[in-house]
Amino acid sequence: MIPRSGVVLLLAMGAPLQAQDRSFVHTNRMILGSDSDLTASVEFADLDGDGDLDLVYANGRHWPQQNEVYFNTGAGRFMHGWPVGPELGTTYGVPAGDLDGDGDVDVVVANDQAPDWIYLNDGEGRFGLHGRVSSDIEPTRSAELFDLDGDGDLDALFTNRGTPNGFYLNDGSAGFSPKRSFGDRGGSTISVAPSDLDGDGHVDLVLANRDGQPNQVLWNDGELGFERVSTFGTGSDETRSVVVVDVDGDGRLDLVTANIGEPNGVFLGRPGGVFEHAADFGGDQATYAATATDLDLDGDVDLVVANVRSPNEVYWNDGTGRVWTAASLGDGDAATYGVAVGDVNGDGYPDIAVANSGSVNRLFINRPAGPAGR
C-alpha cells in the first residue's frame with residue numbers, strides 16, 4: 001500500500017498535500033496474466049455491456065503472443081477472461097471502441113511488422129476476427145481510435161518507428177480507407193494524442209518522437225491536412241508518450257511528456273499555439289507511458305507514469321500544473337510499458353492498471369489513506 005502522506009516532494013519544498021489523502025492498494029488477488037506475457041499496453045472498456053470496466057491487454061511486442069481480455073465482477077475483481085482471438089501477434093496496442101455502430105466495444109490490434117487486425121464484439125465480450133485495417137505491414141508502436149473527420153464513427157491512427165505514421169477513416173461499419181500519412185516520412189513516432197488544441201473544431205495531432213527527433217504538434221487545416229508543424233521540448237527528447245490535458249485549470253489544453261533517460265516535462269498551452277515549458281518531474285529514469293486523471297477528486301488532474309526497472313509513480317498536482325508531489329507505485333522490479341486509469345469498483349475514484357513486459361500485470365485500487373483504506 002502506498003499512502004499519500006508518504007510522498008516524496010520532487011519539485012518544490014514545502015508544497016502542501018491535497019485535502020483528500022489516498023492510498024493505492026495491491027494484493028495477490030490483483031494480478032493478471034503471467035510472467036511469460038510481454039505486455040505493452042492496457043485499456044479499460046466495458047466489453048460485456050454490464051456497466052463496469054473490463055481490461056484488454058496487448059501482448060507480444062516483437063514476439064507473437066495472444067492478446068487477452070479480463071472481466072470485472074463489478075466489485076473490481078477480475079476472476080475470468082480469455083484471448084481476444086486465437087491469433088498470435090506482435091502487439092503494442094489494443095485500442096477499444098465501437099467500430100461498427102452496433103453499440104458494443106470492438107478492438108483494433110496494432111502489431112509490429114505484422115497485419116493490424118479488427119475484432120468485432122458479439123455484445124458479450126467474445127471477439128471475432130473481422131479483417132485487417134489495411135494491407136500495410138509496418139513497425140507499429142501504438143494505435144488510437146478517434147473521430148478525425150467528425151462523421152460520428154471512430155477512425156484509426158497508427159504510429160510507426162522509422163516509417164510514416166498513418167490514419168485510416170472508418171466507413172461506419174469497421175471498413176477503413178487507404179492510409180493517409182502524417183508526420184515526418186522517416187520519423188520515429190512512438191505515440192500520438194489527437195485533440196483540438198486551438199479550439200477551431202478540427203482535430204490536431206501531438207506526436208511523441210524518439211531517436212533524437214523533436215516532438216511535434218501537427219495542426220489540422222480543416223481538411224485533414226497536417227502540413228503546419230510546430231515543435232515542443234528540447235528538440236532531442238527521447239519521448240515515448242504524450243498526454244493532452246488541462247493541468248492548470250485555465251481552459252487551455254497542456255502537454256505532458258514521458259521521457260527516457262531525462263525528466264518528464266509539462267508544457268502549458270498559451271495563445272497562438274505556443275506551449276511553455278513549466279515544469280520537469282521525475283529523474284533520469286526510463287518512463288514509457290503516462291496518463292492523467294483526477295485521482296483524489298479535488299478538481300485538478302494528477303498524473304500516473306509507467307517506468308522501466310524503477311518504481312511507477314503517481315504525481316499529485318497542486319492545481320497550477322507547476323508543482324507536483326510523487327508517490328511510488330510498486331517495487332520497481334518490473335518493465336512497465338503501459339498504464340491506464342478507471343474506476344473498477346464503482347466508488348467514484350479512479351484505480352490504476354499497469355502493463356508489464358516479462359512479469360505479471362497488476363491492479364492498484366484507490367482507497368482512503370490510513371486504517372480505513374487497508
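**View A. Gln285 sits in the loop between strand E25 (274-281) and strand E26 (286-293).** Strands here are DSSP runs of E, at least two residues long, numbered from the N terminus. This is a predicted model, where local features need pLDDT of at least 70 and side-chain atom pairs count only at pLDDT 80 or more, while totals for chains, interfaces and linings use all residues. Residues are numbered from 1 along each chain as its sequence is written, and side-chain values use heavy atoms, with hydrogens and water left out.

Is Gln285 buried or exposed? With a relative accessible area of 13%, Gln285 is buried (buried means under 20% relative accessible area, exposed over 50%, partly exposed in between, with a 1.4 Å probe and protein chains only). A polar atom of its side chain lies 2.7 Å from the backbone nitrogen of Gly283. Leaving aside neighbours within four places in sequence, Gln285 is in contact (heavy atoms within 4.5 Å) with residues including Asn259, Glu262, Asn307 and Glu313.

**View B. Four strands make an open sheet in the order E14-E15-E16-E17, with antiparallel pairing.** Two strands pair if DSSP finds at least two bridges between them. Strand E14 (140-146) and strand E17 (180-182) are the edge strands, each pairing on one side only. From one strand to the next, the twist averages 25° (angles run from 0 to 180 degrees between N-to-C directions of axes, which are lines fitted to C-alpha atoms). Look between strand E15 (residues 155-160) and strand E16 (residues 165-168) for three bridges; Leu157 has Phe167 in E16 as its bridge partner. Phe167 also turns up in a cluster with Phe182 and Phe226, linked by ring pairs.

**View C. Strand E18 (residues 189-195) is largely enclosed by the rest of the structure, because seven of its seven residues are buried.** Strand E19 (residues 204-209) runs antiparallel to E18, and six bridges join them. Find Pro194 and you'll see its bridge partner in E19, Leu205.

**View D. Tyr57 and Tyr70 form an edge-to-face aromatic pair.** Rings of Phe, Tyr and Trp (its six-membered ring) pair if their centres lie within 6.5 Å; planes under 30 degrees apart count as stacked, over 60 as edge-to-face and the rest as tilted. Here it's 6.0 Å centre to centre, with 75° between the planes. Tyr57 belongs to strand E6 (residues 54-59) and Tyr70 to strand E7 (residues 68-72), 13 residues apart. Both Tyr57 and Tyr70 are buried.

Methods:
Polar contact = N/O pair within 3.5 Å; in protein donor to acceptor, adjacent residues only side chain to side chain.
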